[in-house]
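Hi,

Here is the structure I promised to pass on. Have a look at it first, and then read my notes below.

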Amino acid sequence: MGSFDNEINRRRTFAIISHPDAGKTTLTEKFLLYGGQINLAGSVKGKATARHAVSDWMEIEKERGISVTSSVMQFEYDGFCINILDTPGHQDFSEDTYRTLMAADSAVMVIDGAKGVEPQTRKLFKVCAMRGIPIFTFINKLDRDALDTFDLLDDIEKELGISTCPVNWPIGSGKNFKGVYDRKSRTIVTYSDTQKGTKEGHTEVVSLDDKEAALKEIGNDAFDKLDGEIELLDGASAEFDLEEVRAGKLTPVFFGSALTNFGVEIFLQHFLEMTTTPLPRKSEDGMVEPTDDSFSAFVFKIQANMNKAHRDRIAFMRICSGKFEADKEVKHVQGGRTLRLSQPQQIMADERKILSEAYAGDIIGVFDPGIFSIGDTVCSPSKAVKFEGIPTFAPEHFARVRQIDTMKRKQFVKGISQIAQEGAIQIFQELNSGLEEIIVGVVGVLQFDVLKFRLENEYNVEIRLEPLPYEHIRWIEKSETDIAKLTGTSDMKKVTDLKGRPLLLFVNPWSIGMTIERNPGLELSEFARN
Ligand code: G4P
């Protein structure tokens, strides 16, 4: 046990996941507002301007007016030290979005009450589920007309395969949104519209059992409907079970409106009570406890510098155990070197702060002269550990890369291999062929532009990308037949990745099913464990 257990035990590190526009940014702003981190909500993502001041090391961001980075925010609330990992969405959705989830101990899933589960939520959820981390659901935008509450829960259960347990229950939605009913205390918290940016409006709390007061607050119709719904709910929904929540099998569900700031603090309070302290992490020699005396961390993301005058990069690491002290030497396990981490910093919403210390659960960004790779371990020299690597996630867009000036073959191969090693793109080659024909795969299409830009600017190589129709990729985990002899559908392509692992590309999910059917004993996977 370390002497800083208190610091570690008050930490909560989570990611916010959602489909674009569900309200992730608005909810994050409100969290920060409660933590007193910012005075007026609205400074997390001044969509086109504010964020660039922070991340101006990325030229492409400025050019495209979007953010390629995902930020980490830390704030204090009620004695807790909270780290929020933002998962980039929109056009900047990339493999980094998935990798960020590797650094979180739980996830908050924001769902638009009018839309239910959307594609990006589904993808991000899958990665959280693979890790078995707790997932908390905030159903947002109740100030607008929402889908039927039972249908929303049904949607989550069917689409995502997780049981739901509503902690509170909405009373109406849109113009008729009256507030939420808290199941445990059997009270109604009434809604009042608030000015954007203020902490809270005027709310009333009445007991459902005080029928007269409840009727006065929400009216006859809403009362009768709520009464009926609660009866149904109590009979049908899963019992609340904290063990199940912690195991990622049951998601507590909350309702509210991030924009008008209703239900946000209630959610935050329950969430902090239910979520976990920093989780232990698997190393080659067993689990490493966060309160272990010695420092350890792993790299989950590398941010390349787009400015060719500065080839430096920022490596983001999640501290897994102990305390980080800026002036102490650490060991980079994969590189076999001892070094001092240079310019350790915390990347905040609107600033970068140089750190002198940080604890298990925290995320730090360090200056990387090009030595770190995704998944690397950094730890106290006295006690070396090596964490399990980060999986490679399935790209969803593919293109054939054509080099315009074939004389520059060497630079081209060097450039594309280096960029792939950093983890910005994945490269594949046809089975049994060399690097003549390169297929590049990305999770988000913006990475194609990043690749083109970087090859031109850093390696002086021009390329042309020809889109390919594949959308699904599966690593071959097991095959009874020789890979070259596997029979699939006519649209299937056999390739190998940078590490020589065989995989299959498919145009549609149907072909995956057919291929499995036609090759008994064939096992495919959406992730590749490194
Ligand atoms: P994201 O990060 O998940 O992509 O979503 P973001 O918070 O940016 O919200 C997307 C849009 O939805 C924003 O409107 C935001 O104001 C709105 N929104 C978020 N929460 C709520 C809510 O509880 N109720 C209602 N009615 N709207 C909500 P926008 O017009 O795109 O942007 P803005 O100009 O308002 O910033």
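**Two helices packed together**

Let's start with a pair of helices: α8, residues 211–218, packs against α9, residues 220–236, at an angle of about 115 degrees, and their axes are 7 Å apart. Keep in mind throughout that this is a predicted model. On the α8 side, the residues in the contact are Lys 211, Ala 214, Leu 215 and Ile 218, and they meet Asn 220, Ala 222, Phe 223 and Leu 226 of α9. Sorted by type, the residues of this contact come out as 6 nonpolar, 1 polar and 1 charged.

**The sheet and its helices**

Next, the sheet. How many strands form it, and in what order? There are 7, arranged as β2-β3-β1-β4-β5-β11-β6 in an open sheet with mixed pairing. At the edges sit β2 (72–77) and β6 (163–166), each of which pairs on one side only. From one strand to the next, the twist averages 30 degrees.

Phe 138 has Phe 254 in β11 as its bridge partner.

Helix α6 (residues 119–131) packs on the sheet, where it touches β1 (11–18), β4 (106–112) and β5. The direction of α6 makes about 145 degrees with that of β1. Helix α7 (residues 149–160) lies across β4, β5, β6 and β11, and runs at about 150 degrees to β6.

**Around the ligand**

Finally, the ligand. It is surrounded by 20 residues, and the closest are Asp 21, Lys 24, Thr 25, Thr 26 and Asp 143. Which helix gives the largest share of this shell? That is α2 (residues 24–34), with 3 residues. By type, the shell divides into 8 charged, 8 polar and 4 nonpolar residues.

A few distances are worth checking on screen. An oxygen atom of the ligand lies 3.0 Å from a polar backbone atom of Ala 258. For Ser 257, an N or O atom in the side chain is 3.2 Å from a ligand oxygen. Ala 22 has a backbone N or O atom 3.3 Å from an oxygen atom of the ligand. As for burial, the ligand taken alone exposes 700 Å², and the protein buries 74% of that.

That's my tour; over to you.

Best wishes

Conventions. Residues are numbered from 1 along each chain as its sequence is written. This is a predicted model: local features need pLDDT of at least 70, side-chain atom pairs count only at pLDDT 80 or more; totals for chains, interfaces and linings use all residues. Side-chain values use heavy atoms; hydrogens and water are left out. Axes are lines fitted to C-alpha atoms, for helices over the stretch in contact, and angles run from 0 to 180 degrees between N-to-C directions. Helices (H or I, at least four residues) and strands (E, at least two) are DSSP runs, numbered from the N terminus. Contact means heavy atoms within 4.5 Å. Ala, Val, Leu, Ile, Met, Phe, Trp, Tyr, Cys and Pro count as nonpolar, Asp, Glu, Lys and Arg as charged, and the others, Gly among them, as polar. A residue is near a molecule or strand if one of its heavy atoms lies within 4 Å of it. A polar contact is a pair of N or O atoms within 3.5 Å; within protein, one must be able to donate a hydrogen and the other to accept it, and residues adjacent in sequence count only if both atoms are side-chain atoms. Accessible areas come from the Shrake-Rupley method with a 1.4 Å probe; for residues, only the protein chains shown count as cover. Two strands pair if DSSP finds at least two bridges between them.
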